[in-house]
Amino acid sequence: MEKIDPIQLEIFKNLFSSIAEEMGYTLKRTSFSPNIKERRDYSCAIFDCKGDMVSQAAHIPVHLGSMPMSVKAILQECPPSKNSMAIVNDPFRGGTHLPDVTIIAPVFLNESKNPLFYVANRAHHSDIGGMTAGSMPISTSIFQEGVIIPPLLLVRDNEIDESVLRLITSNVRTTEERRGDFKAQVMANNIGIRRMRETIDKYGAELTSFYAKALQEYTENITRRTIKDIKDGVYEFEDYLDDDGIGIESIKIKVAIRIEEDNLIADFSGSSKQVMGSVNAVEAITLSALIYSVRCLMPEDLPTNEGIFKPIKLITEKGSVVNAEFPAAVAGGNVETSQRIVDVILGALSNAVPDKICAASQGTMNNIALGGFDHYRKKNFAYYETIGGGMGAYRGGNGESAIHSHMTNTLNTPIEALEYDYPILIREYSIRKNSGGNGEYKGGNGIVREIQFLTDTEVTVLSERRKYSPYGIFGGGSGLCGRNIVIRKGKYEDRAGKFYEKMNSEDILRIETPGGGGYGSAEKKNGDADLK
């Protein structure tokens, strides 16, 4: 089994990918919350016996580089045995932020003493406790953000450990929904185990493991070839977060990318120290953003696995906003700082491979977390969503409008699903016209979303690009900054990019999301043909 058969390699690439995708479909179909069922805020992946990623479905990029770190933490501290599954959400053990909960399970054959593979999934729970509904607070410590779950066993002998589940759900606002979503994650892993066993039964453990390794080597080779095509040198860029929601403004994210033949080193030294507010990113987030950015330069059909990590080195300073130390507040680092990290990486690479890099996209996820007591349904509710915006333009095309970009790959939550499940009314959901940056190619437009509350509701908004607009490149104009507005008794009141407020029944929250940056000077346009 020394020679790799390219046909077999392609077969196994699609086999592993389809298993991860089917895990995702199972999680979507069996989950309780609209955040997972409708927005599809989850990721599924397969790992080898050492915990190295073999394949990941096309789910959430911010989970790309961080889920392997969670798997390694579980294998080190609480490795699951046969018929068991382990759970973790600790951001300082490879997690992202507390609402993202990872569950992994080993794949054994009847005669095997050690696991041959692992399957895992990560899902965002719309409440995991903490100081505000939705568990996305403007916090100053991780202890305010929800229940911290270290690596521990959730499933033993194929049965969920009710004592563990009760401990977690006793600290959240929506117990029934959380129980349903946890069970959906377990079912997704069961599907993954079943399909992996079927694959091993058909092809044999030796051949399956051989091609898992071959796929990792194949990805590494393509990654190295992609990096080698970039001219050797150092490429730098910096940008700023608006603020941390507590009082610290203009938080610098700086990168120097060094290309040395087929290796890429990204040095974030010089970025701001970690701050009091919740925009701190753990190292797993920064690694995810880096891996995602490099992945964007490579072929679409390339499998995403451990191989992409090999030629890439990340350098950060501990205690910085891109490598925060415990017990820093990190709820917003996963969603907002991750986007700015991508902005600076792509900004640096625009000097190296201008044909492959777009202008800045909206640079935020426009997070809205809300909750309260639903008097119509006689129960507590908590909801979380992100809102799309404008994509950056690129050489050869305008940016897409009203779409999620970069580190989030979630879908729109249908208005019907929102109004069915929660005491809210969507008054407007439209494209924010003329919000994209001008240029030879225009940036995409943002979104306008108006939510009217039908009961008293506490609301937290974490958003960026309210002060520093998404940049254009090569002469392109910047996209418009976003706006957060509260409409109360007909009066429009601007709010900061990050705020918490108790809304009264009939109050309205209006979010206008940023547009993307433009590409190239508008003077290069030549008539209606270029405009079209």
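**Briefing on a predicted chain**

At 14% relative accessibility, C358 counts as buried, where buried means under 20% relative accessible area, exposed means over 50% and partly exposed lies in between, with a 1.4 Å probe and protein chains only. The model is predicted, so local features need pLDDT of at least 70 and side-chain atom pairs count only at pLDDT 80 or more, whereas totals for chains, interfaces and linings use all residues. Residues are numbered from 1 along each chain as its sequence is written, and side-chain values use heavy atoms, with hydrogens and water left out.

**Confidence**

- The mean pLDDT of the chain is 94, and 98% of its residues reach 70 or more; pLDDT is the predictor's confidence in each residue, from 0 to 100.
- Over residues 526–532 the pLDDT falls below 50, and beyond near neighbours in sequence this stretch has 3 contacts in the model, a contact being heavy atoms within 4.5 Å.
- Where pLDDT is low, the predicted coordinates should not be read in detail.

**Cysteines**

- A search of the whole structure finds 0 disulfides, a disulfide being a pair of cysteine sulfur atoms within 2.5 Å.
- For C358, the closest cysteine sulfur is that of C296, and at 7.8 Å it is too far for a bond.
- C78 also counts as buried, at 16% relative accessibility, and its sulfur is 19 Å from the closest cysteine sulfur, in C49, which is too far for a bond.

**The antiparallel sheet**

- An open sheet is formed by 5 strands in the order β14-β15-β20-β17-β18, with antiparallel pairing; two strands pair if DSSP finds at least two bridges between them, and helices (H or I, at least four residues) and strands (E, at least two) are DSSP runs numbered from the N terminus.
- Because β14 (424–432) and β18 (491–495) stand at the edges with a single partner strand each, one side of each is left without a neighbour in the sheet.
- Strand β17 (residues 483–488) pairs with strand β20 (residues 508–512) in the antiparallel sense over 5 bridges, and β17 is also joined to β18 by 5 bridges, again running antiparallel.
- I485 stands opposite R510 in β20, while in β18 the bridge partner of I485 is D494.
- The hairpin of β17 and β18 has 2 residues between the strands, and K489 in the turn has a positive phi of about 55 degrees.

**A parallel pair**

- Strand β10 (residues 263–267) pairs with β11 in the parallel sense over 4 bridges, and A266 stands opposite L314 in β11.
- Strand β11 (residues 312–315) has a covered face, made up of I312 and L314, and an uncovered one, with K313 and I315.
- In a regular strand the side chains alternate between the two faces of the sheet.

**Helices and their packing**

- In helix α4 (residues 162–169) the buried residues are V164, L165, I168 and T169, and they lie on the same side of α4 because they cover an arc of only 120 degrees around the axis, the arc being that of the directions from the helix axis to the C-beta atoms.
- These buried residues of α4 pack against β3 (85–88), β6 (152–156), β7 (159–160) and α5 (175–203).
- In helix α3 (residues 67–77) the buried residues are M67, P68, S70, V71, A73, I74 and L75, and what covers them includes β1 (42–48), β2 (53–56), β3, β4 (100–107) and β5 (117–124).
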